[in-house]
Amino acid sequence: MAVVAERAWLDELNEQQREAVTHRGGPLLILAGAGTGKTTTLCSRVAWLVCEGVPSERILLLTFTRRAAREMLQRARGLVPASSRVLGGTFHSVAHRLVRRHAAALGLPPGFGVLDAGDAADVLDLLRTEAGHSSARGSRFPKNGTLLDLYSRTVNAQAPLSGVIAEHFPWVEEHREAISDLFRAYTARKRELGVIDLDDLLLMWRALARDEVIGPRLAAAFDHVLIDEYQDVNGLQVDLVRALGGFGCDVTAVGDDFQAIYGFRSASADHILDFPVHFPDARVVTLEHNYRSTQPILDAANA
């Protein structure tokens with residue numbers, strides 16, 4: 001009777017939600033449009049895994065905002081209190097913990113600092129001034145905000161600077177060589193200061209994940225990794241997820257390719273569409289029942 005009461009919340013799920021929540025093993029992609037209860041499904045899956053005997057500390061929940069992580073963990077705890085030890089957070093916050101733990105292996109000083117977006121823009125602006133670009137006449141050199149956006153896209157897309165400029169910033173093409181020099185100076189200055197930026201966190205996590213010794217150890221800490229809003233991952237984040245899956249973690253991804261909003265961070269809906277390619281044995285479950293709107297509105301939106 002205790003087990004039945006423990007899982008009474010399963011009865012509140014619809015058939016597709018229950019199918020996703022109780023998926024036994026292997027990669028799982030949950031395609032969930034707005035209003036279809038994706039958060040309920042993801043939280044219920046965390047709770048179900050714990051009920052099935054998976055130690056909560058061996059479950060990793062990755063989201064795109066700290067608020068989303070807190071909300072999901074609170075809801076999961078409401079279903080199964082034992083889920084309180086699930087490690088949840090943004091890609092960057094989890095990366096920060098891992099990079100801090102393995103700083104020496106990455107060649108970082110023990111007390112390294114992390115630049116937020118504002119700090120990184122300030123350093124780029126300083127280097128821009130030192131290089132004499134802030135007072136250059138004629139065609140205007142890009143300002144620090146544009147430079148940071150360009151740098152971040154290059155890192156997160158893992159694409160050459162020339163390609164990113166051609167696709168997203170064609171108006172700065174004439175400054176390409178100077179921008180390239182500035183980015184090299186930015187990397188050197190961070191090293192001098194003993195700091196890294198938010199993009200470095202993901203790069204270094206990937207370096208750890210790919211290391212033949214450290215990588216398997218990181219993945220071995222978890223049995224399941226669940227990723228929310230998978231339509232908003234970029235190439236660097238996909239590499240991280242694939243590395244975890246490659247070392248034995250069961251990957252659950254939830255998302256909707258019609259809701260991709262992080263293009264400015266080099267995210268692409270192609271990644272969620274390619275999930276079955278990256279994970280050939282993936283099971284795909286589509287949530288189609290909408291709890292947020294009425295059928296006439298849904299028909300209009302679909303049309």
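1. The term pLDDT stands for the predictor's confidence in each residue, on a scale from 0 to 100, and it is the place to begin because this is a predicted model. Across the protein the pLDDT averages 88, and 89% of the residues reach a score of at least 70.

2. One stretch should be read with caution: over residues 1–5 the pLDDT stays under 50, and for these residues the model has zero contacts beyond four places in sequence.

3. As for the overall make-up, the protein contains 15 helices and eight strands. Of its 303 residues, 49% count as buried, and among the contacts with a separation of 6 or more, 76% are between residues 24 or more positions apart.

4. Helix α6, which covers residues 117–130, packs against helix α7, residues 144–157, at an angle of about 110°, and the two axes lie 9 Å apart. Because angles of 65 to 115 degrees count as roughly perpendicular, α6 is described as roughly perpendicular to α7. The crossing in which α6 passes α7 is right-handed.

5. Which residues of α6 and α7 meet? From α6 come Ala117, Ala120, Ala121, Leu124, Asp125 and Arg128, while α7 contributes Asn144, Leu147 and Leu148. Sorted by class, this contact of α6 with α7 has six nonpolar residues, one polar residue and two charged residues.

Technical notes. Residues are numbered from 1 along each chain as its sequence is written. This is a predicted model: local features need pLDDT of at least 70, side-chain atom pairs count only at pLDDT 80 or more; totals for chains, interfaces and linings use all residues. Side-chain values use heavy atoms; hydrogens and water are left out. Contact means heavy atoms within 4.5 Å. Axes are lines fitted to C-alpha atoms, for helices over the stretch in contact, and angles run from 0 to 180 degrees between N-to-C directions. Helices (H or I, at least four residues) and strands (E, at least two) are DSSP runs, numbered from the N terminus. Angles under 35 degrees count as roughly parallel, over 145 as roughly antiparallel, 65 to 115 as roughly perpendicular and the rest as oblique. A crossing is left-handed if the near helix is turned anticlockwise from the far one by less than a right angle, and right-handed if clockwise. Ala, Val, Leu, Ile, Met, Phe, Trp, Tyr, Cys and Pro count as nonpolar, Asp, Glu, Lys and Arg as charged, and the others, Gly among them, as polar. Buried means under 20% relative accessible area, exposed over 50%, partly exposed in between (1.4 Å probe, protein chains only).
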